[in-house]
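User: Hi! Could you walk me through this model? I'd like to go through a few spots with you.

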Amino acid sequence: MVAAHYDTVERSPGADDNATGVAAVLETARLLGQFPTPRTLKLALFDLEEVGLVGSLAYAADDSLTANLAGAIIMDMIGFACHTEGCQQYPAGLPISPPTDRGDFLAVIGDRGHMSLIDAFHQAAPSELPQVLSLPIPLLGPLTPDLLRSDHAPFWQKGVGAVMVTDTANFRNPNYHQATDTLESLDRPFLTGATQLVVNATAALLSTPGSLTNDAAAPAPNLLEETPTTPL
Ligand SMILES: [Zn+2]
């Protein structure tokens, strides 16, 4: 499944947050919808992410919708880049050393139980596209709350593999939740490249049937209760 939330916060047009994610869902549909693949492509657009992941929580709670769901690619803000030294910030407690202080990479945050979802982004990444920074998260260990702030978290809670694909939101974009989150403030080449990465990874995953789950997979039923967080 490829998905994004379509709501925004009051007073913000929501170009990066999250019209960019919606555009990438629509572009994925346009490019891949006409090709038969071993695995079925599902698309979803969630409402009310900003008030507490309401749409994705409702979706993930419905067993009939998740029974055959092999994995989810969730986009939340994929259209902003910054190219000067120090313009990229990181949340505290990150399990890796950040490789750069410039905000020109695409972050892919996944659970360790479904590494093939993360790997698909690296396999399908020619050098002219934005660099992918991936973060495999062990769900049973302590989590930094910033890594749970979008629609992928309800799927992790359910034990369904999911990745959040993002430009890192407020850790890079000064227009985050502001009136200035407009079309003009987006980095269009970055958005195009990020969307291409999503389409490539999705195409690769659709062509390989079978389980996307590896040994470390486990649902984390109390994830959102134990790690209180604010939605992106
Ligand atoms: Zn937001």
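User: Is Leu-65 buried, exposed or partly exposed?
Analyst: Leu-65 counts as partly exposed, because it has 14 C-beta neighbours inside 10 Å (buried takes 20 or more other C-beta atoms within 10 Å, exposed 12 or fewer, partly exposed in between, with C-beta atoms placed from the backbone). This is a predicted model, where local features need pLDDT of at least 70, side-chain atom pairs count only at pLDDT 80 or more, and totals for chains, interfaces and linings use all residues. Residues are numbered from 1 along each chain as its sequence is written.

User: Thanks! Which helix is Leu-65 in?
Analyst: Leu-65 sits in α3, residues 63-66 (helices are DSSP runs of H or I, at least four residues, and strands are E runs of at least two, numbered from the N terminus).

User: And how far is Leu-65 from Asn-222?
Analyst: They are 157 residues apart in sequence, and 20 Å apart in space from C-alpha to C-alpha.

User: New topic: which residues of α1 are buried?
Analyst: Among them are Asp-16, Asp-17, Val-25 and Thr-28.

User: What covers them?
Analyst: The cover includes strands β1 (2-5), β2 (43-46) and β3 (72-75), plus helix α6 (188-206). Contact here means C-beta atoms, placed from the backbone, within 7 Å.

User: Now α4 and α6: which residues make the contact?
Analyst: Helix α4 (residues 115-123) packs with α6 at about 120 degrees, the axes 8 Å apart. Ala-120, Phe-121 and Gln-123 of α4 meet Leu-197, Ala-201, Ala-204 and Leu-205 of α6.

Technical notes. Two residues are in contact if their C-beta atoms, placed from the backbone, lie within 7 Å. Axes are lines fitted to C-alpha atoms, for helices over the stretch in contact, and angles run from 0 to 180 degrees between N-to-C directions.
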